[in-house]
Amino acid sequence: MVSGGRVGGGEGEGEVAAVEVAAVAVADEEEVAQAPAAARELVVGYALTSKKAKSFLQPKLRGLARKKGILFVAIDQKRPLSDQGPFDIVLHKLTGREWQQLLEEYREEHPEVTVLDPPGAIEHLLNRQSMLQEVSELDLSDCHGRVGVPKQLFVNTDPSSIPAAVMRAGLSLPLVAKPLVAKSHELSLAYDPISLTKLEPPLVLQEFVNHGGVLFKVYIVGDAIRVVRRFSLPNVDVGDLPNNAGVFRFPRVSCASANADDADLDPHVAELPPRPLLEILARELRRRLGLRLFNIDMIREHGTRDRFYVIDMNYFPGYGKMPGYEHVFTDFLLSLVQKEYKRRPSYSSCEG
Ligand SMILES: Nc1ncnc2c1ncn2[C@@H]1O[C@H](COP(=O)(O)OP(=O)(O)OP(=O)(O)O)[C@@H](O)[C@H]1O
Ligand SMILES: O=P(O)(O)O[C@H]1[C@H](OP(=O)(O)O)[C@@H](OP(=O)(O)O)[C@@H](O)[C@@H](O)[C@@H]1OP(=O)(O)O
Ligand SMILES: [Mg+2]
Ligand SMILES: [Mg+2]
């Protein structure tokens, strides 16, 4: 399945322990070198932070992958990609212009390698102003429910002018203030106009939507969709707003929130979004964004059955927290090369 070059690897990036990664790379190299051509493994090069490699490449994933003939090899982002591998697939979640450039050049030189996902497509999700654009353009009003985006406003002005800008845009308090850069998770909730002046632009201000304290994490891996419930921020009593002045900061709230799948919840709050709605949403976003690995954070407006909002999307989210991710992910990786194989002219001519 591999295509020229040689398998290598090393220090994936600054945070990766060189010794540990080098050891992995050597083991991987021997394995591939010894494999007979026909039985060669599917080689997946990965460029991830050490935190991500730990949460994603868990022993249960590596073990199942090995059984299915998939080999994960650390990429050394300081060496030319073409000197490493050869890879069938490159899996990555690193930011930075240099890396993006390297990867784009590699994609041009090696169109036979599947890069998950193209850096240009990922960029769309790295900025909270562009992140939800496609969702707001979709008209999913007749698909077993309605999906929209909370009213939001991008602000990059002097903080003292935020209250007026919010008023002009017709946004209602309270507002969730989110750093423009999606990588930053320093969120806060502003209850009153004065607290808006304490925020630090550039920001996206989003209307807070009551949703009964439960959020749906919709994980997408190619064509597969899995949903889990997570605890979220509780409802805000609008009648109580005058007593709730100030900025309430909640950094990293999403990661800190526990899984709510087994909790004893109000069934109206806990009911998962309808499957057909998720199927259409995922299919459309995959197509429009050109991404295969992402998640959608969805909430149901409290007191409704079918009014949903997408509040966040993340590239290559924490799949380690998705039940059965090792099966879903390995099947997905294998499906990519099967699709590629079917596309080859020699294969079609055999089919006659
Ligand atoms: N518009 C909103 N209405 C109600 N609650 C919201 C809204 N936006 C965010 N929240 C709450 O704040 C949490 C964090 O918001 P968001 O998901 O946008 O941040 P994030 O830091 O990008 O999260 P992640 O770790 O998923 O990337 C959500 O999980 C939800 O509990
Ligand atoms: O590990 P990473 O750095 O990619 O962190 C991601 C984190 O995954 P982790 O759970 O593996 O930490 C995700 O958690 P889930 O909500 O999907 O569980 C989510 O918070 C992403 O937004 C984070 O990506 P970032 O926005 O910071 O790039
Ligand atoms: Mg989120
Ligand atoms: Mg996010």
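Helix α2 gives the largest share of the shell around ligand 2, with 3 residues. Helices (H or I, at least four residues) and strands (E, at least two) are DSSP runs numbered from the N terminus. The structure is a predicted model, in which local features need pLDDT of at least 70, side-chain atom pairs count only at pLDDT 80 or more, and totals for chains, interfaces and linings use all residues. Residues are numbered from 1 along each chain as its sequence is written, chains are lettered from A and ligands numbered from 1 in the order in which they are written, and side-chain values use heavy atoms, with hydrogens and water left out.

The model scores ipTM 0.94 and pTM 0.86. The mean pLDDT of the protein chain (the predictor's confidence in each residue, from 0 to 100) is 85. Of its residues, 83% reach 70 or more. Where pLDDT is low, predicted coordinates should not be read in detail.

The protein chain has 13 helices and 14 strands. Of its 352 residues, 49% are buried, where buried means under 20% relative accessible area, exposed over 50%, and partly exposed in between (1.4 Å probe, protein chains only). Among contacts between residues at least 6 apart in sequence, 73% join residues at least 24 apart. The accessible surface comes to about 17100 Å², of which 53% belongs to carbon and sulfur atoms. Accessible areas come from the Shrake-Rupley method with a 1.4 Å probe; for residues, only the protein chains shown count as cover.

Ligand 2 has 17 residues around it, each with a heavy atom within 4 Å of the ligand. Lys51, Lys183, Lys217, Arg230 and Lys321 come nearest. Polar contacts are pairs of N or O atoms within 3.5 Å; within protein, one must be able to donate a hydrogen and the other to accept it, and residues adjacent in sequence count only if both atoms are side-chain atoms. An oxygen atom of ligand 2 lies 2.6 Å from a side-chain N or O atom of Lys183. For the side chain of Ser55 the distance is 3.1 Å. A polar backbone atom of Gly318 is 2.9 Å from an oxygen atom of ligand 2. The protein covers 91% of the 540 Å² of accessible area that ligand 2 has on its own. Two or more shell residues come from each of α2 (50-56), β10 (214-221) and α9 (253-256).

Around ligand 1 there are 23 residues, of which Arg128, Lys178, His185, Ser232 and Asn314 come nearest. Oxygen atoms of ligand 1 lie 2.9 Å from a side-chain N or O atom of Arg128 and 2.6 Å from a polar side-chain atom of His185. A nitrogen atom of ligand 1 is 3.0 Å from a backbone N or O atom of Glu207. The protein covers 97% of the 610 Å² of accessible area that ligand 1 has on its own. Strand β14 gives the most to this shell, with 3 residues.

Two magnesium ions, ligand 3 and ligand 4, are 3.9 Å apart, and Asp312 coordinates both. Donors are N, O and S atoms within 2.8 Å of the metal (3.2 Å for Na, K and Ca); water is not among the atoms, so sites may look incomplete. Asp297 (OD) and Asp312 (OD) coordinate ligand 3 at 2.0 to 2.2 Å. This pair links distant parts of the chain, 15 residues apart: Asp297 in strand β13 (residues 293-300) and Asp312 in strand β14 (residues 307-315). Both Asp297 and Asp312 are buried.

Methods
Contact = heavy atoms within 4.5 Å.
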